[in-house]
Amino acid sequence: MIDQMFERENYTLAKKLMDVSHVRHQAIAGNLANVETPGYKRKDIQADFATQLAKLAGQDDMKGIASLKPTLRTDFASPAVRADGNNVQMDKELLEMNKNATQYEFLANYTANSMKRIKTAITGRVM
Amino acid sequence: MNLMPGIDTTASALQAEKTRLDIIGQNIANANTTRGVDGKPYARQMVSFESKMIELGKSSDGSMQYGQGVAIKDIQADKTDGPLVFNPGHPDADEKGMVRMPNVNVTHEMVDMIAASRSYEANLQVVRTAKQMASQAMRIGR
């Protein structure tokens with residue numbers, strides 16, 4: 001029974017999205033580290049990840065969501081900002097990083113509050 | 001899985017930017033050195049970066065994760081000649097009284113220094129954010 005409680009959609013989705021944020025932060029860290037490396041191309045989560053996730057969530061396919069893996073792709077599409085072909089824009093990366101961190105914060109708070117509510121239901125006391 | 005995402009990648013970048021600042025400092029310090037260790041005027045040193053694969057640890061499914069860090073590829077001397085300045089009293093002046101100055105352009109070095117310190121700051125911001133994310137993950141279930 002306790003397993004079922006933690007295999008609900010909200011936890012599966014929150015866990016997956018936190019994983020994605022974690023991997024995305026790694027990618028952004030690599031991009032900002034290579035902001036002056038000649039010829040470096042920026043990395044990001046594959047572009048169709050959001051649509052795949054939305055599709056699986058729409059079908060309530062929790063197994064599919066759990067097995068969905070965020071992978072990093074090299075972004076050749078963004079225009080080069082330096083003569084050597086490097087396409088990392090520092091301001092854009094910093095903005096994306098803050099956006100990503102806020103998303104992570106939201107998910108962490110959501111999961112924490114959700115567990116707090118379960119504790120309240122079990123004990124009958126507001127934590 | 002690493003608790004703080006991207007921390008190793010950022011560490012390599014901080015190290016590389018610090019080396020770059022060291023070299024810029026060395027160039028500015030030697031902007032008027034007309035006789036270096038080899039007897040010639042000081043030659044401006046240039047740092048070039050390259051990407052380097054860094055192991056970030058295993059992910060939840062057991063596969064190894066890699067990040068793209070930065071390393072100093074090499075430090076090369078700028079081979080161009082510096083300006084000739086007329087200064088007959090100078091100990092390194094030739095028979096016509098001209099002195100070959102180093103090819104360091106202080107303005108250029110200052111601009112490079114600002115760029116290096118801004119990149120350093122951006123990487124520090126990544127560490128701060130990673131730390132914040134880790135502490136938020138710790139708060140789950142508390």
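**Close-up views of chains A and B**

**View 1. The buried residues of α2(B) pack against α2 and α5 of chain A, along with α1 of chain B.** Those buried residues are B:A116, B:S119, B:A122, B:N123, B:V126, B:T129, B:A130 and B:M133. Buried here means that 20 or more other C-beta atoms lie within 10 Å of a residue's own, exposed means 12 or fewer, and partly exposed is in between, with C-beta atoms placed from the backbone. Helices (H or I, at least four residues) and strands (E, at least two) are DSSP runs, numbered from the N terminus. This is a predicted model, where local features need pLDDT of at least 70 and side-chain atom pairs count only at pLDDT 80 or more, while totals for chains, interfaces and linings use all residues. Residues are numbered from 1 along each chain as its sequence is written, and chains are lettered from A and ligands numbered from 1 in the order in which they are written.

View 2. Two residues are in contact if their C-beta atoms, placed from the backbone, lie within 7 Å. Ala, Val, Leu, Ile, Met, Phe, Trp, Tyr, Cys and Pro count as nonpolar, Asp, Glu, Lys and Arg as charged, and the others, Gly among them, as polar.

**View 3. α5(A) and α2(B) have axes that come within 9 Å and cross at roughly 10°.** The two helices are therefore roughly parallel to each other. Axes are lines fitted to C-alpha atoms, for helices over the stretch in contact, and angles run from 0 to 180 degrees between N-to-C directions. Angles under 35 degrees count as roughly parallel, over 145 as roughly antiparallel, 65 to 115 as roughly perpendicular and the rest as oblique. Residues making this contact include A:L94, A:M97 and A:Y104 of α5(A), and B:V126 and B:M133 of α2(B). Leaving aside neighbours within four places in sequence, A:Y104 touches A:M18, A:S21, B:M133 and B:Q136.

**View 4. α2(A) and α1(B) (residues 7–29) have axes that come within 8 Å and cross at roughly 10°.** So this pair is roughly parallel too. The contact is made by A:Q26, A:A29, A:G30 and A:A33 on α2(A), and by B:T9, B:T10, B:S12 and B:A13 on α1(B). By class, that makes three nonpolar, five polar and no charged residues.

**View 5. The largest nonpolar core has 25 residues, and A:I28, A:Y104 and B:V126 are among those with the most contacts inside it.** A nonpolar core is a set of buried Ala, Val, Leu, Ile, Met, Phe, Trp, Tyr and Cys residues joined through C-beta atoms within 7 Å. Its largest share, eight residues, comes from α2(A).

**View 6. A:D60 sits in the loop between α3 (49–58) and α4 (62–67) of chain A.** Its phi is near 55°, a positive value in a residue other than glycine. With 9 other C-beta atoms within 10 Å, A:D60 is exposed.
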